[in-house]
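These are my notebook entries on a structure that I examined for the first time. I set down what I looked up, entry by entry.

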Amino acid sequence: MNFKKHNAKELIDLHIKKAHERLESSETLLKIANYEDSISRSYYAILDAATACLIKKDIIPQSHAGAIKLFSLHYIKSGLVDRKFQRYFAKIEKARKISGTICTYSMGIVFVTNVITPLKKFGDTWWYGIQKLGGGKDS
């Protein structure tokens, strides 16, 4: 679906739904020690969440890197979202690159501790932010 001013809310809802689904999938994959796919699902959950927030500001990223950079500019640097989430984004991006070559049990444990748990906190933060800005299904 292409962005148009009149379908922004529908797109926000779609990206929020996908972010939730992908984070749930990531947790399920993690439980069965499928670390590589868990990392990938987490990465895309972040992209969907960031994109939903950007659409709320009528900004449409053209790439994955663009979505993260624009989210950082409009939400983190502006103070709407805590700066610590920028570090989580960097960790998941690094984990995604590494996971294509080797994924071990210890990497999975580190991933849970350093990425999945903070992602849940990020999910609460962006969901609150979207609701506060008037997006999402409950607005």
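**Entry 1: Leu 23.** I began with Leu 23, which is buried because its relative accessible area is 15%, where buried means under 20% relative accessible area, exposed over 50% and partly exposed in between, with a 1.4 Å probe and protein chains only. I located Leu 23 in helix H1.

**Entry 2: basis of the values.** I note that this is a predicted model, in which local features need pLDDT of at least 70 and side-chain atom pairs count only at pLDDT 80 or more, while totals for chains, interfaces and linings use all residues. Residues are numbered from 1 along each chain as its sequence is written, and side-chain values use heavy atoms, with hydrogens and water left out.

**Entry 3: the whole chain.** I found five helices and zero strands in the protein chain. Helices (H or I, at least four residues) and strands (E, at least two) are DSSP runs, numbered from the N terminus. Along the sequence, the pattern reads α-α-α-α-α. The protein chain has 139 residues, of which 42% count as buried. I recorded an accessible surface of about 7800 Å², with 54% of it belonging to carbon and sulfur atoms; such areas come from the Shrake-Rupley method with a 1.4 Å probe, and for residues only the protein chains shown count as cover. I also looked up the contacts between residues at least 6 apart in sequence: 57% of them join residues at least 24 apart. Contact here means heavy atoms within 4.5 Å.

**Entry 4: H1 and H2.** Two packed helices are described by the angle between their axes and the distance between the axes. For helix H1 (residues 8-31) and H2, the axes come within 8 Å and cross at roughly 160°. H1 is therefore roughly antiparallel to H2. Axes are lines fitted to C-alpha atoms, for helices over the stretch in contact, and angles run from 0 to 180 degrees between N-to-C directions. Angles under 35 degrees count as roughly parallel, over 145 as roughly antiparallel, 65 to 115 as roughly perpendicular and the rest as oblique. The crossing of H1 and H2 is left-handed, a term used if the near helix is turned anticlockwise from the far one by less than a right angle, with right-handed for clockwise. In the contact of H1 with H2 I noted 14 nonpolar, six polar and six charged residues. Ala, Val, Leu, Ile, Met, Phe, Trp, Tyr, Cys and Pro count as nonpolar, Asp, Glu, Lys and Arg as charged, and the others, Gly among them, as polar.

**Entry 5: H2 and H3.** How do the axes of helix H2 (residues 35-56) and H3 cross? They come within 9 Å and cross at roughly 55°, so H2 and H3 are oblique to each other. H2 passes H3 in a left-handed crossing. The residues making the contact include Tyr 43, Ile 46 and Leu 47 of H2 and Ala 67, Ile 68 and Phe 71 of H3. By class, the contact of H2 with H3 has twelve nonpolar, three polar and one charged residues.

**Entry 6: the loop between H2 and H3.** Asp 58 lies in the loop between H2 and H3. Most residues other than glycine have a negative phi. Phi of Asp 58, however, is positive, near 60°. I found Asp 58 partly exposed, because its relative accessible area is 36%.

Entry 7: Leaving out residues up to four places away in sequence, Ser 72 touches Lys 77 and Gln 86. Val 81 lies in the loop between helix H3 (64-76) and helix H4 (84-99). Val 81 is buried, since its relative accessible area is 6%. Phe 71 is ten residues from Val 81 along the chain, with 9.4 Å between their C-alpha atoms.

**Entry 8: Lys 91.** My last entry concerns Lys 91, in helix H4. Its relative accessibility is 36%, so Lys 91 counts as partly exposed. Lys 91 and Tyr 43 are 48 residues apart in sequence, and 9.7 Å apart in space from C-alpha to C-alpha.
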